[in-house]
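Trainee: Could you walk me through this protein? I would like to go step by step.

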Amino acid sequence: PLALQVKNKAPAEVQITAEQLLREAKERELELLPPPPQQKITDVEELNDYKLRKRKTFEDNIRKNRTVISNWIKYAQWEESLKEIQRARSIYERALDVDYRNVTLWLKYAEMEMKNRQVNHARNIWDRAITTLPRVNQFWYKYTYMEEMLGNVAGSRQVFERWMEWQPEEQAWHSYINFELRYKEVDRARTIYERYILSGRCFFNITLLVMVHPDIKNWIKYARFEEKHSYFAHARKVYERAVEFFGEEHMDEHLYVAFAKFEENQKEFERVRVIYKYALDRIPKQDAQNLFKNYTIFEKKFGDRRGIEDIIVSKRRFQYEEEVKANPHNYDAWFDYLRLVESDADAEAVREVYERAIANVPPVQEKRHWKRYIYLWINYALYEELEAKAKRTRQVYQACVELIPHKKFTFAKMWLLYAQFEIRQKNLPLARRALGTSIGKCPKTKLFKGYIELELQLREFDRCRKLYEKFLEFAPENCTSWIKFAELETILGDIDRARAIYELAIGQPRLDMPEVLWKSYIDFEIEQEEYEKTRNLYRRLLQRTQHVKVWISFAQFELSAGREQNLSRCRQIYEEANKGMRNCEEKEERVMLLESWRSFEEEFGTDTTKERIDKLMPEKIKKRRKLQAEDGSDAGWEEYYDYIFPEDTANQPNLKLLAMAKLWKKQQQESEAAEVDPDKDIDESQS
């Protein structure tokens, strides 16, 4: 046939959605079927006819799909409702032939027999069920419950025994135990616990052990069972057997916490403390948090101050162990750990921790990585000296100085501490040998200073001279060592040697602090009242530098020289300094010189000299200069202060121009004020 062609393809005026269709169907109740009419059965024939129709319907449903067990159960329940127990039993048997693994089918079958008080039939069904499906715990629970409700305690116990042969889950064992406890059979319950935890080839002989449920919680339940029934010795024995059974490989904190709480209830506080300490020493620290907590609570309740401190120390020790285990080169953690064990441990334990700490040598031979590490050795040596014997202290120092890579760097502190230790032991040759070895292997300023200080305290001045000579050969630019050497000779009264040392020092081509050396040399000559030599020193210094402080110091020296011509000499030096610093680029230094000169004239000068120095003082003016950035771009302007000295003839035209500019600016301001307020100018002229 030809396909129909739609002529009008335009959308309809009224659009209907699926939602509207469903709503209309609901409103009109199109899907609701009227209930079937009620049928009243009035005689036996109608009843038999009804039964026949229903049975035919059930049989048809079963025939269509035999595996749908719900059809069988409905059929059997309908027959049961008609008190046709034999027919219902037959239906259940037919259903079991179809699917004997269906748990619901067995349960409905047995419940029907129990409901109709067919006890033997129910027993038969339960026996068949537990034989066919022994791992379905629900059958066992209902079977034992039925026997117990019937008062057949022996039969229920027999069912439990059959169940236990299959070694079921924990709850089954607890149900058996609770069953025996309901009838006050404590000995039987204890036997069940033994079988529950340790099952053998013979239930009452536990020589050959096979594990069933050897969990920690089951041992604890067994012990609490004994404790509940006041068999305290048995409970303690259970705990001890549990500790022995699990050994040190499978230790668990919960077992020891329960054991300790049991002993605590029995007022055996010393046993509690022993249990906690035994467990803490053997259980890994990360698995013993609850153990620490309970031990702390116990000590707070029953312990003394020492016991509480012990548990706190143990907890902190665990924290430090975790830190150093995570990062063995965390020396700060080692310091905290060592401080802890030193305060609360014996010498062997402290020594063990020190050995573990110093074994973590820095992997890189750079001094910055060794600075914290070396203090472990220092603390170790000090601990051995204070707490242990001197022989071990010497061994610690020797091991440390052998470990340090002296070719790359050294630690003068370690050598000096070693030498000081030998001096405290009254072993001066060993101390000198240690310091001499240090200077020979790795000469260092601090080592020289420490060695010299030692010989000074011993009043060995010849040795000091030799050490200074070695020191100055090693570091001739060190001005401090030259000064100290000269001061030593001065104290010893050898002025010529001291002066010769100063001369050698100022003649060195390179010095780290030459100004300090020159000042010390000048002060030395002043103390010796050698004023001419002091003047010569100042002149020699001024040949090297024209610094303003040198000129001021020279002038003050002449002022304090204590002679009649001191004022004229001082003024003459200021004159020379002013002339010499005219070409100096640092104008602030020249200003500093003039201010020092003016303060001198104000104290010792006349009016003429004061007027002269006032004329020499510069004028402070503000200027601007252009700034440039690092890349050469324009960075703006900045203001700065400059000084203009009257003596500088080159600056005279600039001074005149500046004065004229100031005068012009003043005139401009006056003319602007006159334009703004002419009456004020008239009043001022009349007045």
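Mentor: We can begin with the whole protein and then turn to some of its parts.

Mentor: This is a predicted model, in which local features need pLDDT of at least 70 and side-chain atom pairs count only at pLDDT 80 or more, while totals for chains, interfaces and linings use all residues. Residues are numbered from 1 along each chain as its sequence is written, and side-chain values use heavy atoms, with hydrogens and water left out.

Trainee: How many helices and strands does the protein have?

Mentor: The secondary structure comes to 35 helices and 4 strands, where helices (H or I, at least four residues) and strands (E, at least two) are DSSP runs numbered from the N terminus.

Trainee: And what share of the residues is buried?

Mentor: Of the 687 residues, 38% count as buried; buried means under 20% relative accessible area, exposed over 50%, and partly exposed in between, with a 1.4 Å probe and protein chains only.

Trainee: OK, which residues of α12 are buried?

Mentor: They are A235, R236, V238, Y239, A242, V243 and F246. Seen down the axis of α12, these buried residues fall within an arc of 155°, so they line one face of the helix; the arc is that of the directions from the helix axis to the C-beta atoms.

Trainee: What about the other side of α12?

Mentor: On that side, A233, K237 and E244 are exposed. After α12 comes G247, whose phi is positive, near 65°.

Trainee: Which residues have the most contacts inside the largest nonpolar core?

Mentor: Those are W126, F139, Y239 and L255, in a core of 69 residues. A nonpolar core is a set of buried Ala, Val, Leu, Ile, Met, Phe, Trp, Tyr and Cys residues joined through side-chain atoms within 4.5 Å. The largest share of this core, 7 residues, comes from helix α13, which covers residues 253-265.

Trainee: What does Y239 touch, apart from its neighbours within four places in sequence?

Mentor: Y239 is in contact (heavy atoms within 4.5 Å) with I220, A223, R224, L255, A258, F259 and F262.

Trainee: New topic: is R89 buried or exposed?

Mentor: R89, which lies in helix α4, is buried, with a relative accessible area of 11%.

Trainee: Which side chains does R89 make polar contacts with?

Mentor: A polar contact of 3.0 Å joins the side chains of R89 and Q86, and another, of 2.7 Å, joins those of R89 and E113. A polar contact is a pair of N or O atoms within 3.5 Å; within protein, one must be able to donate a hydrogen and the other to accept it, and residues adjacent in sequence count only if both atoms are side-chain atoms.
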